[in-house]
Structures are given as C-alpha cells and as structure tokens.
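Subject: Structure handover

Hi,

Here is the structure you were expecting. Please open it alongside this note.

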Amino acid sequence: MAEVLVYVDHVDGAVRKPTLELLTLARRIGEPVAVALGNGAADTAAVLGEHGAVKVLTHDASEYADYLVVPKVDALQAAYEAVSPAAVLVPSSAEGKEVAARLALRIGSGIITDAVDLEAGDESPVATQSVFAASFTTKSRVIKGTPVITVKPNSAAVEAAPAAGAVEALSVSFSDKATGTKVTGRTPRESTGRPELTEAAIVVSGGRGVNGAENFSIIEALADSLGAAVGASRAAVDAGWYPHTNQVGQTGKSVSPQLYIANGISGAIQHRAGMQTSKTIVAVNKDAEAPIFDLVDYGVVGDLFDVVPQLTEEIKSRKG
C-alpha cells in the first residue's frame, strides 16, 4: 500500500487534534507516515502510532522556532523525496496552507485547500470541498504530480488504530531562504480555558443582538456549560465587543463543529461562509424573518436574554 505523508501540528510534543483527524483520512488512501518537526518532535511518536502512523519522521533544529515557514517547507520536501508518497496531507491552518502551497510549487504538484472529506480514487485521492461561501459542495482531485491537500479541522472523527509508529530521523538540509525572515519575539496568547475555536466540537457565537461587550458574559456562560469555544459575528467584532481572533465568517475563521449555536446573529452570507458546514446548527433570534433560520436545524424565535440563560441553567441542572 502506498504511503501518505501527514504533517504534524504539535506544541512541544503535544499533538493537536487536527493531526489525528488527518491520520484517520490518510488511512483511507494508504499507510500514514507522520512528519514531526521542532522541539518535542520525538515525543509525538506514541500518540501518532496509536492513531495509525506506521512511521514517524522527526527532525529538531532551532530554525523551526527562530524563522518562519521556509525551514518547515525544506523539511517536508526532504520527507517527500525520502518517501515518494501517494499524497501529502496538511492541517488547514494559516501556516499549514502556506507550507502546503510552497511545497506544491517546489515539487510541481497541484494543491487542494480546505478539504472537508477525502476518499480513495482510481488515479488519485478525491477531496470534497465546500465552496462559494458554502453554497456548493464539490469533489476534485489533483491531476498533476503528488496531491498536496490541506484539510479543515473537524472534517473526520479521531479514530484509534494502533500501528508501529517507528521513529526515524529525517535528514534535512536548509536552503538559503530558510533564514530569510527571523522571528524576533512572541507573545503567548492569554488562555481562557476554552477549546481552540477552529478545533472545538461545539461553538457558541454571539452577534449584533448581544448588544454590547458586557453582555457577552451570557454567551460565555452557555459556552462554558457545554465545554465549547466562543465565537462572534463580524458585527460584534467591528463594534469592539469581542476580539477579532474569535470572529467566525468569511473575513474571520471557518469552523465546522458538531454543534454551532448562533445567538443574535442575523445570518448574513459573510457569517454563513464561516460556519455553514457545521454538522448541527441552532439559532436564537427574536426576528422570525432572520436569514439564519433558512440554514438551521433548530431555531428558537425569542429574546436571547431570556432564552440563553434558561438554556444555560437547564444544561447545568442536567449535568448536576
């Protein structure tokens, strides 16, 4: 069976959930070979092996932390040349898409971004994408070179599938461009204790109907009762009620959780583009004619200041 390269997204050896989802998809089309780079790369092997990686190629060097994406592209290209894979899968983050695009250009291959599903094809893997602000679903495949595919978080279930997970050192020679852009400083993101927005299984969002930054505590309380991430519409962000890092939509982040709860959000196309692929959508809005109700699985016509606190209390009572 052909091997499939999987680029590992990890933080000091802690593997992030989208990578484990990629391993699930990679097993559909071949044998997953993981590529882990940077500090803690070797520590990823146990988890990756538990989820199907037959091999884990590792390499650690200061360049991965000190410079931007080019050292990672150099390493992924080295892995590609060593393995000759049937496909290369990369998490569809901002950095992941840049790494994937640079790799595809170097190896002369086609690229598919933001796939939401993947299946084996007669000639090459077939990727499913949600396009044109999630108005259409397409299936496509790369017809030139080795497919390089980025996959959105929450596109597949994490499935344990124990494999060898044998660790092998990857030989990497950095190009002259690897040190072209140096990282001069980092500011740790303030932890809220909530899941990462793009990776969360449940997202609770607030929009213009929240009517002020001070009222987002209602949204946060519901999110915390569900163990969910907090999102916001563009209107709420532009009004300064919530940080841009939490914006869901075409000019924010795209999410695809199992459950998306929209509170006080009208459902403009800009917002729908970022959440329309959610598995189940619930909306709370006092305007029965709001466009969001054309999209939802369940809708509540009512004032969010009445509905959301009651929902939060009901969830807490059932948990208690």
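Below is what I found, from the overall picture down to single residues.

**Overall**

First, a caution: this is a predicted model. The protein has 9 helices and 16 strands. Its C-alpha trace spans about 60 × 45 × 40 Å along the principal axes. The radius of gyration is 21 Å. A compact globule of 320 residues would come in near 20 Å, so the two agree.

Of the 320 residues, 51% are buried.

**Helix 1**

Helix 1 covers residues 17-29. Is it enclosed or open? Largely enclosed by the rest of the structure, because 10 of its 13 residues are buried. The buried set includes Leu-20, Leu-22, Leu-23, Leu-25 and Ile-29.

**The cores**

The largest nonpolar core has 27 residues. Leu-48, Val-56, Leu-89, Leu-118 and Ile-149 touch the most other members. Several elements give two or more residues to this core, among them helix 1, helix 2 (45-50), strand 4 (31-37) and strand 7 (111-119). Helix 1 gives the most, with 6 residues.

Look at Leu-48 in particular. Leaving out residues up to four places away in sequence, Leu-48 touches Val-8, Val-15, Thr-19, Leu-23, Ala-34, Ala-53 and Val-56.

**Ile-292**

Ile-292 sits between strand 15 (280-285) and strand 16 (298-301). Is Ile-292 buried or exposed? Buried: its relative accessible area is 0%, and the cut-off for buried is under 20%. Which residues does Ile-292 touch? Ile-265, Ser-266, Gly-267, Met-275 and Ala-283, not counting residues up to four places away in sequence. Val-148 is elsewhere: its C-alpha atom is 34 Å from that of Ile-292. The two residues are 144 apart along the chain.

Best wishes

Terms used:
Residues are numbered from 1 along each chain as its sequence is written. This is a predicted model: local features need pLDDT of at least 70, side-chain atom pairs count only at pLDDT 80 or more; totals for chains, interfaces and linings use all residues. Side-chain values use heavy atoms; hydrogens and water are left out. Helices (H or I, at least four residues) and strands (E, at least two) are DSSP runs, numbered from the N terminus. The radius of gyration is taken over C-alpha atoms; the globule rule is 2.2 Å times the number of residues to the power 0.38. Buried means under 20% relative accessible area, exposed over 50%, partly exposed in between (1.4 Å probe, protein chains only). A nonpolar core is a set of buried Ala, Val, Leu, Ile, Met, Phe, Trp, Tyr and Cys residues joined through side-chain atoms within 4.5 Å. Contact means heavy atoms within 4.5 Å.
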